[in-house]
Amino acid sequence: MCKFDLEVKLAAIDIGSNAVRLLISEVVEQAEENPDFIKTVLVRVPLRLGFDVFERGSISGKKAEQLVKTMQAYKLLLDVYGVRHLKACATSAMRDAANTQEVLQRIKTESGITVRVISGEEEATLIYENHIADYMDAAESYLYIDVGGGSTELTFFSDGKLVFKKSFNIGTIRLLKDQVSADNWEEMKTYIRQKIKGHHHVTAIGSGGNINKIFNLSKRKEGKPIDLELLKQYHKDLNELSIPERMQRFRMREDRADVVVPALQIYINAMRWADAENMFVPKIGLADGLIHTLYEEAIAKKAVAK
């Protein structure tokens, strides 16, 4: 018997520092097995809110207008696809912006969508909700590294148990704006080394659009890891190119070409400090974690209704 009405689609909106994403998924349940989440729609709009917030402290009128229009467009898509279950969250840029509440009220009034700003720790938890490590070696230790425009979320577990989850204000846009200090890096390094000390061999799990792009460029087969030395080589090669050259040679959008180098810097540092030599790159992110959480909540509500 199905636990959930398969005709009801699930949707998540992730308002990040670099882009705003809409994910619509359907659940395919299987007897005695974990359900499959089939991505029906994935839309990404590179609004780059972090460029306003991390430099000026608030979201400009122009960006706010673009964000509201994006949410209105997403609402139309949700209506067309018949979505009734939605989670919409905002992360680092909206956490820091002085006018967040004003912008959120505009979104609510003009699109009908309620957005919740989540903490860095909540963000790490939602990414962990993807349960990717459940399908891997229980005898290993895994460090999730999710790199965004405004922050990096780390989640570490060993022998199948959660050890820590932590958010750091080190992100690609903050790095581009020279807003990550040596003290910020030292804090992350010390935290990783102290918390991982004593645990056995660590493998990294990377998420975020930048690491997905690098993985695609590497021509690795899905499910196969990418190694630290190759990431270092990509960092070196890309860093030597201008943004237009990166766009041309690696077929990158401009909003990817400028952030991919700082993103690699974050992944490489986190892996080095964790003594991780390899990284798996499943195609997951915050929106996927929101979908999983929404599914669990829907099941719980249905159980209570019975």
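The structure is a predicted model, in which local features need pLDDT of at least 70 and side-chain atom pairs count only at pLDDT 80 or more, while totals for chains, interfaces and linings use all residues. Residues are numbered from 1 along each chain as its sequence is written, and side-chain values use heavy atoms, with hydrogens and water left out.

Isoleucine 145 also belongs to the largest nonpolar core, which has 43 residues; Leu143, Ile145, Ile214 and Met279 have the most contacts inside this core. Such a core is a set of buried Ala, Val, Leu, Ile, Met, Phe, Trp, Tyr and Cys residues joined through side-chain atoms within 4.5 Å. Here buried means under 20% relative accessible area, exposed over 50%, and partly exposed in between, with a 1.4 Å probe and protein chains only. At least two residues of the core come from each of S6, S7, S8, H7, S9, H8, helix H9 (228–239) and helix H12 (260–273). Helices (H or I, at least four residues) and strands (E, at least two) are DSSP runs, numbered from the N terminus. The greatest contribution is that of H12, with 10 residues. A second, separate core has 30 residues, among them Val53, Val68, Ala88 and Ala90. In soluble globular proteins, nonpolar side chains tend to be buried together.

Two strands count as paired if DSSP finds at least two bridges between them.

S7 runs antiparallel to strand S6 (residues 141–147), to which 7 bridges join it, and the two form a hairpin with 4 residues between them. Tyrosine 142 has phenylalanine 157 as its bridge partner in S7. Toward strand S8 (residues 161–168), S7 pairs over 7 bridges, again in the antiparallel sense. In S8, lysine 165 stands opposite threonine 155, and leucine 162 stands opposite phenylalanine 157. The hairpin of S7 and S8 has 2 residues between the strands, and aspartate 159 there takes a positive phi near 55°.

In helix H8 (residues 209–218), the buried residues include Asn210, Ile211, Asn212, Ile214, Phe215 and Ser218. Just after H8, lysine 219 takes a positive phi of about 65°.

Two further aspartates have a positive phi. Most residues other than glycine have a negative phi, and most peptide bonds are trans. Aspartate 178, with phi near 55°, is found in the loop between helix H6 (172–176) and H7, and is exposed at a relative accessible area of 71%. Aspartate 275, with phi of about 55°, has its place in the loop between H12 and strand S11 (278–280), and counts as exposed at 61% relative accessibility.

Elsewhere, strand S1 (residues 10–15) has 6 of its 6 residues buried. Leu10, Ala12 and Asp14 point one way from S1, and Ala11, Ile13 and Ile15 the other way. S1 runs parallel to strand S4 (residues 85–90), with 6 bridges joining the two, and aspartate 14 stands opposite cysteine 89 in S4.

Overall, the protein has 13 helices and 11 strands. Of its 306 residues, 51% count as buried. The C-alpha trace spans about 50 × 50 × 35 Å along its principal axes.
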